[in-house]
Structures are given as structure tokens and as C-alpha cells.
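Keep the structure in view while reading.

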Amino acid sequence: MYGDDGRLTYVGPTAGAPAVSVGETLLNYESLFVMPGLIDVHVHLAYGNAKTEEDIDLYQPMEFRALRGMFFAQKVVAAGYTSICAPGDAGQISLSVRDAITAGLFDGPRVTAAGRYITSRQGLTDWYPSWIGAPDTSIGRLVASKDEAIEEIRVQAKNGVDCIKIAMDGFQTRPDGELIAAFNQDETTTMVTEAQRLGRKVVVHARGREAVLYSARAGVDLIFHAYYLDDECLDAMVKSGSAIGPTMTFPRNIIDFTQPYERAATKGRIENTSREYEIACANLQRARKAGIPMMTGTDSGFAVTPYGEWHARELEIFVRDLGFTPAEALRCATEVASRFLARGDRLGVLAPGRQADFIAVEGSPLDNIALLQDKKRIRHVHIGGTRLQIPERGYDPNLVTDKSWINWSDIYTQERVHELGLLGDKSLAAAE
């Protein structure tokens, strides 16, 4: 039972429930599996199911990206996800989507919003050539000093972000292949200390060992990926209480969905991702055994992780590849994940005083965790007690996302045209 404020007043057996009063509505979900609304701590509302990094940063105006983000946020909630974290988007897009939903202008999930990633020359989002730099429309804020980083954190806090996102590494490596941390320990600690002093939680992108270690030592709240952690990293995380959001759905989808003719395949990304995935599974299993809290997130917003489609695949991966039981995976997607969210102490659990955010599912995910990926089985979604009924609406990606000026995926030299047999009898060889 829940009150007018959207909070639960009773949770338990029907026999012990208070009588239904006049004017109250009784919902009969006895044939369904009722559970807390699911949580995805890694949904980039501004990305728009991007195929390229340029799609993310350049080819749509901020205003359109915000409207598009609202549309896609509704796709997420229709899949049974009542809360999300949007950890790093351009401008104030995620903040605007959050505030529009909170104000009751639109239906959608509860949004914990970050601003732009704070990054350096060695960090994620500084992917353009140095002679171009980071455009103002980028999802990243390139800083050149601790003072610039602190100023950006204070601006974002003033603007009302719930959390600060730091790009702790990117793609730069040393000659031995080790990923280079984007910030040193002193810089990392300074940023984290200031953000937390301002009452904001800190999330970091950190795949490499060095970035994970610096982040954990600094006491960040949530580390995304952490694929190359070692014993020193684990010890630091145990001490700091930092959690991990593995976001294994993104690499798994790259491996499983990328077609041989796509640039990601021809550039070796499938093979590289497969190797990293195997390493990540082994290391994350060690983290689980060490008692590190793990939260479910998918990196949704890319072409291989479109909104509303694969969020629950993360739970299946937790069970199949990381050693969690279905019950443990569900807890990671509810109570554990709620700890990072803004006002998360009101979410993630069906208990008196908590928000009445719940879903009713056909079938038991305790018996088959994969069934949560079948959107037809998500029969009812309630946020604050109110049932949300999001109409199914398609969209044309050519109008919504595909705006980059990529016209061909190959170089059509005479040799390549001959290999493909594109000219047939009209080939140069035949002309001779």
C-alpha cells in the first residue's frame, strides 16, 4: 500500500494488510512477479544511439538532443527501469530531462544527472586531434590544471548536478600497453575531495589499473569498468568503500552484434574487446569475492546499446559470466544500485517509507533472469505509485541520429574493386 505522497505504507502478506478504504484502488497482481523498479547507473541520454563519437558531440544542436533524450528516457522506463544515472552528457541535457520529469511535465524515470566529463589529454572524450580541441558541444570538458578542474566542478555543482563524472583514462597507453591514467594521484584526490565537499558523489570512467587505483585511493563513489584491477586496487576499494559498475553489456554487444563489414570489425575492435572481456570477467569475479559492491549499468546510448533494449542483459551477464545468483543480480540492480542515486535511500527496496517504484513481471526472474529482457513480460511499471503507460513509438534514425558525413566504409582502389568483382566484365583486366 502507498499513500498520496507516493511512498509505501505497508509491504507484506495480504492477510496482514489494512482494509481498503473508500476511494482507494486495489491492484491485483497476484499472478505476476512484483519487485522494485530496476536501476541502470549508466545511461547516456544525450548520445542518441550514436554510431560515431562525432554523432555524440557535433551533428545535432543541444536543444534537439535534450528533446531526443526525453524521448529515449521514456524507452528506458517502458523496459522496467524506474531510475537511471546519466553519467556525463553535453551541456545541461540530462539535468533538463531530470527537471522536466521531476516537474511533472513528462513521464519518465527518476534521473540522477551529471554534467560534462572532466578530462585531460589522456582521458576519454578528448578524441579529436589536438589541433581541433574539444568543442563546446562535446560531452567532455578538457581541463589543463587542477584549478580549471576545481572551477568546472564548482560550476557544475552550481548548475545542480547530482554527481561529477571524471574521465580517469581513455585510450592512451605506455609502450608496454598499460593504459595511462588521465590525472595523477594528487589531481584525482583534489577533484574528488572538492566534489564530495560540495555534496556531490563522484563517478569515474576507469578501465586501466592505474586509473582504478588512483580513483579508489581518492575515495570515489563509483568506478565504471575497472577491467584491469589488481590486488592493490582491490585493497584500496575495500578501504574506501568504492563500488564498481562493470557495464559489461556494452563490450558484450560489441562482440556479439558487430558485423564483419563494419569499421569496428575491420579495425580489430571485436578481437580486442573479446580479450578485454575475458580479462574483465576474471578480475570482476575476484572483486565480487572480495565483497566489492557492484551496480548494474549498460552504457546505453550507442548503436549497439540502444535505449530500452538491452538494459536487463547486464543482469544475465552478472549471472552467466561473473558468478552472481539471480537473486544477487537482482539486488545489484535495485538496492545496491540505489546507493549511488540521488535520494537513493528512498529507492531500491519495497519497504514502508520508500518510494512506491515497482514493476510487475510475467514469470519469475529468479528462475530465468533473461526473461527481464522480454519487454512484453514487463506488464506494469509504477513510479511513486503512479502507473506509467508509455505508448510504443518508432523513430527514423536517419532523422534522429545518423547525421555524420560518412558516405562509404571502404576505399575503392582498382585493386579493391577487382577483389569485390564490382565491375564484372567491365573490369580493367577484361578491357586489356
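Leu372 is in contact (heavy atoms within 4.5 Å) with Leu38, Ala312, Leu315, Leu330, Val361, Pro365 and Ile378, leaving aside its neighbours within four places in sequence. This is a predicted model: local features need pLDDT of at least 70, side-chain atom pairs count only at pLDDT 80 or more, and totals for chains, interfaces and linings use all residues. Residues are numbered from 1 along each chain as its sequence is written, and side-chain values use heavy atoms, with hydrogens and water left out.

Leu372 and Met237 have the most contacts inside the largest nonpolar core, which has 94 residues. Such a core is a set of buried Ala, Val, Leu, Ile, Met, Phe, Trp, Tyr and Cys residues joined through side-chain atoms within 4.5 Å. Buried means under 20% relative accessible area (1.4 Å probe, protein chains only). Helix H6 (residues 209–218) gives this core its largest share, 6 residues. Another core lies apart from it, with 15 residues, including Cys85 and Phe224.

Now the strands. Helices (H or I, at least four residues) and strands (E, at least two) are DSSP runs, numbered from the N terminus. Two strands pair if DSSP finds at least two bridges between them.

| Pair | Direction | Bridges |
|---|---|---|
| S3 (residues 81–86) and S4 (residues 110–113) | parallel | 4 bridges |
| S1 and S13 (residues 358–361) | antiparallel | 4 bridges |

Ile84 stands opposite Val111 in S4. Val34 has Ala360 in S13 as its bridge partner. An open sheet of 4 strands runs in the order S1-S13-S14-S15, with antiparallel pairing. Its edge strands, S1 (33–36) and S15 (386–387), each pair on one side only.

Terms used
Buried means under 20% relative accessible area, exposed over 50%, partly exposed in between (1.4 Å probe, protein chains only).
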